Amino acid sequence: MGGNNFSGSFPQPILNLSSLTELNAADNDLSGDLPPNIGNSLPNLEMLELGSNFFLGRIPPSLTNISKLYLCDISRNKLTGVVPNSISKLSKLTWLNLEINKLQASNNQDWQFMNSLPNCTDLQMLSLSVNLLEGNVPNSVGNLSSQLLLLYLAYNQLSGEFPSGIANLHKLISVALNVNKFIGVVPDWIGTLTNLQKVTLNNNFFTGAIPSSFSNMSQLEQLHIDSNQFDGYIPPILGNLQTLGALNISNNNLHGNIPKELFRIPTLREITLSFNNLHGPLHADIGNAKQLTYFDISSNNLSGNIPSTLGNCDSLQDIEMGHNAFSGSIPTSLGNMTSLQILNMSHNNLTGPIPVSLGSLQLLEQLDLSFNNLDGKVPPEGIFNNATSIRIEGNQELCGGPLELHLLACHVMPLDSSKHRLSSVVRKIVIPVAIVVLLSVVISVVFLIRRQKQKTESISLPSIGREFQKISYSDIVRATAGFATSNLIGQGRYGSVYKGQLFGDGNVVAIKVFSLETRGAQKSFIAECSSLRNVRHRNLVPILTACSTIDSTGNDFKALVYEFMPRGDLHHLLNSSRGSVSEDSPVLTNVSLAQRLSILADVSDALAYLHHEHQGTIVHCDLKPSNILLDDDMVAHVGDFGLARFKFDPTTSASTSDTNSTSSMAITGTIGMCSGSSAFNFLGCLQLRNRSPRDIHPEAANGRYVQGWDEHCKVHRDQLP
């Protein structure tokens, strides 16, 4: 029965099938309590699979009467209470999966089930991850079956030192203690568990040095010890792990060099060492890592030249080297990396020209070379024709490139004439200085006119790797109280929006969680990130950070965090009898004409910015009242850029491969909302048609404040009275 859309309570007629040996009703929408007599009615069951439903209540004690049961999976439900002590009666049990429920254990009495489990002498798998277990793991964990292969205790609130009983479980191939509150050192005896293939200890408070005994695990394939407080050096002896595929030691306090021995592991595919205090050069042996696909050493103190042997890693897809102190030129050999999709070398001390060879990388999607000391002409080919995919700001001596980069044209200085040299000096010094002075005067005048009451915030364009506050899936779970419905403030086609307190400042934020199982949600997330990563305007909903990771079940998880808008959206404001949609904001009994006009002007200013004052036109494609949010001061903010598209001059974007770029737009947006232009825009046209810019807003004296509305009004010109 598994994998359907069955709903309702547990089917009672099944309890009449006393000879039943296998029952699989997993992956449905069943709810309610499990039958209290399930164990008495189905005594011959050998396999019970009820995972991924919505069952409530406690685990029925009668379940332990099914003496022949060897597989029990009731994971991914909403079961509460404690695990029954009588679980030991299931002596033939080999697989017990209780993960992702709300099971509790906070004292010795609650943990009694662990003392009884050793009676299950054939147990090979035990998972209690993602529950509400607290305190120290009982030493009796060491008395579990000598056949145990998998032990998962992740995503709980376990504390104390590394569970010593695990030392007795010599056949373990995978252990997960991540996202808990463990402290102290990881003991050296962990190296005696030589059958381990995967060790996951990340997101705890482990301290001390990384045990060199890890190198004894000759079959180890994955080692995740990131987001702890390890210090000291990376043990070079880890290079002995000849089967290691993924190594993550990021977010610790490590220092010293990156051991060259790591690059000699033939199976290494992913290495993440970011956010430490590593220093020294990157060894040329990096070229030996032929299988490497992901390489992240960002946010350290690494220095020296980037070795040209890096170009030998032709399997690399993502290179993150930003925020270090690398110097010298960018190796031209990087043009040999035909699989490369992302390259980030921002915030270093690199010099010289940008290698032309980077333009030949057909799969390259993101290139960030910002804030270095690069000079010369920007290459004319490949990714360099797509201004939205590259970041080169902060390099004062670069020239040429697409017009959208706003760089000075490159000029060649003749060497055979003093007259030509003088002309070159004029072109390079006098003219640019004059242009800067003239632009300064013009900009000052424009700002004085348009910003008599408010100051324009000065915000630089972010680089692809800029410093947003890092958040994890567990941070978002805590902020939303486990995605509680009480925190749900909105739902849309591609996800849900929750409010919560995510950061330490106590301010409420809005968290948009994408439903990635919905077709188009992944593209919507990418479109929204692409739209918002380099836009800044007082009438756009400010994005605070993003989260792209995996959830507790190993599935992709993506979310965006915005400033919370207490007044809610315009649709509810105009259609609610009480006006206010937020419990935290004052009640509005009506919205005055002046407020409506102010909102129209705010949205107009946002559209004018997106269409004319930004690197490449952004077309929202789904502007409607429910996507216009209001803050405490009734200032309107345009949000939800999940359908946004970039629009460029065809002459400058003919070679782009960006799926979000287009020179001709298909009709998109919300059905019934004027194909994306929105009935709200037409209402704006009607209200503004006989008014001057000063009638709309005192800051609109130059007429550009309503430029965005003018475009939408032209669309409906024939409909105006």
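N115 sits in helix 2 (residues 112–116) of this predicted model. Helices (H or I, at least four residues) and strands (E, at least two) are DSSP runs, numbered from the N terminus. N115 is partly exposed, at 39% relative accessible area. Partly exposed falls between buried (under 20% relative accessible area) and exposed (over 50%), with a 1.4 Å probe and protein chains only. The side chains of N115 and S140 make a polar contact of 2.6 Å. A polar contact is a pair of N or O atoms within 3.5 Å; within protein, one must be able to donate a hydrogen and the other to accept it, and residues adjacent in sequence count only if both atoms are side-chain atoms.

Residues are numbered from 1 along each chain as its sequence is written. In this predicted model, local features need pLDDT of at least 70 and side-chain atom pairs count only at pLDDT 80 or more, while totals for chains, interfaces and linings use all residues; side-chain values use heavy atoms, without hydrogens and water.

The structure holds four salt bridges. Each is a side-chain nitrogen of Lys or Arg within 4 Å of a carboxyl oxygen of Asp or Glu. One of them joins R264 and D285 at 2.6 Å, N to O. R264 lies in the loop between strand 20 (253–256) and strand 21 (270–272), and D285 in the loop between strand 22 (277–280) and strand 23 (294–296), so the pair ties together parts 21 residues apart in sequence. R264 is partly exposed at 42%, whereas D285 is buried at 15%. Another salt bridge links D475 and R478, with the closest N and O atoms 2.8 Å apart. Both residues belong to helix 4 (residues 473–479), three residues apart, which is about one helical turn. D475 is partly exposed at 23%; R478 is exposed at 57%.

Two strands pair if DSSP finds at least two bridges between them. Strand 34 (residues 495–500) pairs antiparallel with strand 33 (residues 488–491) over three bridges. These two strands form a hairpin with three residues between them. Five of the six residues of strand 34 are buried, so this strand is largely enclosed by the rest of the structure.
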